[in-house]
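I opened the notebook to record what I looked up, entry by entry. The model comes first, then my notes.

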Amino acid sequence: IRMLVYVYGGLGMDKRAVRIKSICIENFKNVNNGKIELENRRKKYRTSIVGLYGQNGSGKTALIDAIQLLKYALSGRVVPNKYADYINIGAPFSTLKFQFEVRDERGSYQIWYEFSMKKKVDETSQNMEDVNGSDMKIRAVIFDEVLAYGYSSLDEKVRKGTFIDTRTDEVFVPKAKFYELVGNERSITTELLVAKRLAEVTSRSFIFSRELLQVIRDNCKNEKYNYMIERLVSFGNRELFVINTENSGIISMNVLPLSFKYKGKDSEAVGNLMFSLNTPSFIPEETLSVVHKIIDNMNIVLKQLVPGLTIGIVDLGITLLENGEKGRCIQLMSYKNSKEIPFQYESEGIKKIVSILQLLIVVYNNPSITVAIDELDAGVFEYLLGELLNIISEKGKGQLIFTSHNLRPLETIDKGFIAFTTTNPNNRYIRMTNVKGNNNLRDFYYRDIVLGEQSEQVYCPTNNFEIALAFREAGEVFDT
């Protein structure tokens with residue numbers, strides 16, 4: 001088992017919500033250009049849900065990957081090398097733009113954050129060139145970061161303006177904001193120039209690097225600047241969760257990934273558990289109580305989703321971990337109809353529900369939680385999926401972004417919560433227009449696939465006769 005747990009005090013900040021309002025993607029994977037608004041403008045909802053639907057290979061996963069890159073940037077983490085291959089073929093770089101709304105007790109901040117990503121040869125791997133280039137590693141580099149904001153309250157209004165722009169050979173501009181944020185000592189400027197270069201070499205964000213953040217914390221006296229930056233850092237580390245299709249692959253390998261955010265009376269734990277299902281798992285002794293609380297919390301909802309089902313852990317005793325510290329050996333179990341069986345024998349669908357359930361709970365209850373899930377419908381009964389999303393959309397408080405192929409939610413949640421991909425790589429994301437209040441969005445979508453009534457085509461048509469002919473021709477290979 002692997003577990004990363006962060007414990008914080010002072011939970012008053014939970015009342016201050018952060019939301020992603022829009023995402024703009026340029027030259028990323030198969031999206032040349034695409035912008036998606038994440039707000040439902042049809043009426044006031046406390047929750048923010050966007051379900052993205054569309055043909056295979058039309059840019060749904062690209063949205064989730066863009067959000068994953070945002071999390072890497074905001075949390076100051078290294079961007080994995082694989083993202084270098086996500087840059088659109090033929091384009092020198094990708095650009096991702098995000099708009100946030102950050103609320104506190106006094107007013108609302110509108111924050112814009114953008115960055116570009118390019119490929120670069122990893123020059124740290126060797127000190128001589130391979131003639132064939134076979135050992136050259138390519139990494140993803142974040143560059144040209146820009147942070148801007150606007151602010152409004154009952155007694156103050158600040159128009160949108162840039163306050164950190166790294167598109168310069170200096171540390172960043174504008175100069176006036178530079179002096180406000182980090183001061184004017186020459187030694188600090190030199191240190192930050194080194195830090196900027198180091199962030200590039202190590203494939204990290206510079207704006208949200210530990211080096212720059214520490215200088216701002218030590219020198220900035222502007223309360224608004226400090227608050228905005230710290231809220232984005234907190235959001236990236238503690239409140240933004242991304243579940244991609246790798247999770248489903250891990251589940252099929254008898255490992256249960258469980259991301260969580262659990263709040264106690266005076267602290268909270270945020271982390272990721274990886275339960276081995278076909279063998280016992282090992283955890284640090286001091287985290288056993290946290291695991292019990294997370295599972296007890298999930299069981300409240302789980303037994304309503306799957307009547308009578310709960311999960312638990314069997315403590316197999318004290319063990320010695322690889323680092324020499326004491327740990328606990330545990331086994332994840334399933335309880336139903338007074339019977340106890342190892343959880344590994346449950347269906348893939350139940351494993352999928354359990355792996356994301358804790359995040360759905362916090363999305364329902366916490367306005368400052370954003371969860372992005374790729375292929376939410378995988379393994380989940382369509383009726384249950386529709387009802388779950390209906391409950392969260394009507395009564396929830398947080399932000400849920402998901403992709404799906406199952407069309408049942410189109411009939412159960414408000415039309416303003418649904419977006420679609422198109423066949424046009426230069427305008428990948430749209431909302432359906434001319435949808436009347438009494439229209440069934442599922443039927444409306446099917447009709448548009450056939451008739452093409454929207455401004456953009458949402459489905460690249462296929463020909464059943466040609467498909468059948470292709471199958472027959474392919475079969476002739478085996479007959480010869």
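How many nonpolar, polar and charged residues does the lining of the largest cavity have, by class? I found 10 nonpolar, no polar and no charged residues there. (Ala, Val, Leu, Ile, Met, Phe, Trp, Tyr, Cys and Pro count as nonpolar, Asp, Glu, Lys and Arg as charged, and the others, Gly among them, as polar.)

**Ground rules.** I am reading a predicted model: local features need pLDDT of at least 70, side-chain atom pairs count only at pLDDT 80 or more, and totals for chains, interfaces and linings use all residues. Residues are numbered from 1 along each chain as its sequence is written, and side-chain values use heavy atoms, with hydrogens and water left out.

**Entry: the cavity.** I searched the whole structure and got 1 cavity of 30 Å³ or more. (On a 1 Å grid over the protein atoms alone, a cavity is a set of points where a 1.4 Å probe fits but cannot get out; a pocket is an open set with protein on both sides within 12 Å along at least five of seven lines; lining residues have an atom within 4 Å of a point.) The volume of the largest cavity is about 80 Å³. (A volume is the space filled by probe spheres set on the grid points, which are joined across faces, edges and corners.) I listed its lining residues, among them Ile353, Leu376, Val380, Leu389 and Leu400. (Helices, H or I with at least four residues, and strands, E with at least two, are DSSP runs numbered from the N terminus.) α9 gives the most, with 4 residues.

**Entry: around α8.** I followed helix α8 (residues 348-365) next. It lies across β9, β16 and β17 (399-403) and runs at about 140 degrees to β16. (Axes are lines fitted to C-alpha atoms, for helices over the stretch in contact, and angles run from 0 to 180 degrees between N-to-C directions.) Helix α7 (residues 288-305) packs on α8 at an angle of about 105 degrees, with the axes 10 Å apart. That makes the two helices, α7 and α8, roughly perpendicular. (Angles under 35 degrees count as roughly parallel, over 145 as roughly antiparallel, 65 to 115 as roughly perpendicular and the rest as oblique.) On the α7 side I noted Ile294, Asn297, Met298, Val301, Leu302 and Leu305; they meet Ile353, Val354, Leu357, Gln358 and Ile361 of α8. (Contact means heavy atoms within 4.5 Å.) By class, this contact has 9 nonpolar, 2 polar and no charged residues.

**Entry: the mixed sheet.** I traced an open sheet of 6 strands in the order β9-β16-β17-β4-β18-β19, with mixed pairing. (Two strands pair if DSSP finds at least two bridges between them.) β9 (240-243) and β19 (429-430) are the edge strands, each with a single partner, so one side of each has no neighbour in the sheet. β9 pairs with β16 (residues 370-373) in the parallel sense over 4 bridges. Leu240 stands opposite Thr370 of β16.

**Entry: the antiparallel sheet.** Another open sheet has 6 strands in the order β3-β2-β5-β6-β7-β8, and its pairing is antiparallel. Which strands stand at its edges? They are β3 (31-37) and β8 (157-165); each has a single partner strand, so one side of each is left without a neighbour in the sheet. On average, neighbouring strands here are turned by 15 degrees against each other, direction ignored. β5 and β6 form a hairpin with 3 residues between them. They pair over 11 bridges. The bridge partner of Phe100 is Ile111 in β6. β6 and β7 (residues 138-153) pair over 14 bridges, and Glu114 stands opposite Val146 in β7. β7 and β8 pair over 6 bridges.

**Entry: the second largest pocket.** I noted about 390 Å³ of space in it. The pocket has 18 lining residues; Arg19, Glu39, Lys44, Tyr45 and Glu101 lie nearest its centre. By class, the lining divides into 4 nonpolar, 5 polar and 9 charged. β2 has the largest share, 3 residues.
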